[in-house]
Amino acid sequence: MSLVFRRAIVVGASSGLGAEIARQLAADGCAVALLGRRTDELRKVADGIAAAGRGRAIVAAHDVTDYDAVPALLESLVADLGGLDLLVYSSGIMWVPGEDEYDFAKDRAQIEVNVLGAMAWMTPVAARFEAARSGTILGLSSVAGERGRTQFPGYATSKAALTTYLEALRNRLAMKGVNVVTVKPGFVDTPMTTSLPRKPLMVSVSKAASIILATAKRGGSPSAFVPARWWLVAMIMRHVPSFLFRRVRI
């Protein structure tokens, strides 16, 4: 039977996939906490949800690199929502370096936001859900994490790490009634992908969000590509020998 989400936290809900996932959850009658640094953008999402007349949205300003703030904020949001069924971690940044550009500060920022921020939220939520023996943790990874990419090495590394962490959580919680979902989108039409020179197999943000939520609702702790045809692309990428892969400018 398909899972029903009634109380959700979406971390990274100010734009892109996070915002659209929040809208679709609310349209289904879910109460949603919208988190992000850009309060004005969060309020626009919340206003749109209110205007649609379905669900409920609360806004909380939050920088995901403020790891120490997470436990207290989580408790506050759970109290406001009246419980928690779903955590969505959608926060992410991507830096595409130039041909001869190397910048540790930008690489570190991607790890701090894309990986450590996710761990800071998923760790206490995992403990809460294990105690309740129910709940869903949904992490947005990426096809980019399947191989070491010349186009965005720091981003690819961060998404590979997130995929591994989600798998570890899935394995820890497999017998505890907790649904841990990894989704790996390809190119989605969001502000993050605007500057990329090549965007094959692009899908709209609404379609990607719909696929992602359908994946989470079916339970069983799936790991899935979005859309599914990226599975074949990833399988090919994984089996290309390294001496050939390094010559491909992707």
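Helix H4 (residues 104-132) and helix H5 (residues 153-173) pack at an angle of about 10°, and their axes lie 9 Å apart. H4 is therefore roughly parallel to H5, a term that covers angles under 35 degrees. The contact, meaning heavy atoms within 4.5 Å, involves residues of H4 including Asp107, Ile111, Met119 and Glu130, and residues of H5 including Gly154, Tyr155, Leu166 and Leu173. Two packed helices are described by the angle between their axes and the distance between the axes. Axes are lines fitted to C-alpha atoms, for helices over the stretch in contact, and angles run from 0 to 180 degrees between N-to-C directions. Helices (H or I, at least four residues) and strands (E, at least two) are DSSP runs, numbered from the N terminus.

The model is predicted: local features need pLDDT of at least 70, side-chain atom pairs count only at pLDDT 80 or more, and totals for chains, interfaces and linings use all residues. Residues are numbered from 1 along each chain as its sequence is written, and side-chain values use heavy atoms, with hydrogens and water left out.

Buried means under 20% relative accessible area, exposed over 50%, and partly exposed in between (1.4 Å probe, protein chains only).

| Residue | Relative accessible area | Class |
|---|---|---|
| Aspartate 68 | 75% | exposed |
| Isoleucine 236 | 51% | exposed |
| Alanine 168 | 36% | partly exposed |
| Serine 221 | 15% | buried |

Aspartate 68 is in the loop between strand S3 (56-61) and helix H3 (70-81). Alanine 168 belongs to helix H5; from C-alpha to C-alpha, alanine 168 and isoleucine 137 are 12 Å apart in space and 31 residues apart in sequence.

Isoleucine 236 is part of helix H7 (residues 230-239). Together with Trp231 and Leu232, Ile236 forms a nonpolar patch on the surface, with about 340 Å² of accessible area in total.

Some backbone features occur in loops. Serine 221, in the loop between helix H6 (205-217) and S7, has a positive phi of about 50° although it is not a glycine. Arginine 133, in the loop between H4 and strand S5 (136-140), is likewise not a glycine and has a positive phi of about 55°. Valine 226 and proline 227 are joined by a cis peptide bond with omega of about -10°, and proline 227 lies in the loop between strand S7 (223-226) and H7.

Technical notes. Patches are made of residues with over 30% relative accessible area and no salt bridge: like charges are joined within 9 Å, nonpolar side chains (Val, Leu, Ile, Met, Phe, Trp, Tyr) within 5 Å. Accessible areas come from the Shrake-Rupley method with a 1.4 Å probe; for residues, only the protein chains shown count as cover. A salt bridge is a side-chain nitrogen of Lys or Arg within 4 Å of a carboxyl oxygen of Asp or Glu. Angles under 35 degrees count as roughly parallel, over 145 as roughly antiparallel, 65 to 115 as roughly perpendicular and the rest as oblique.
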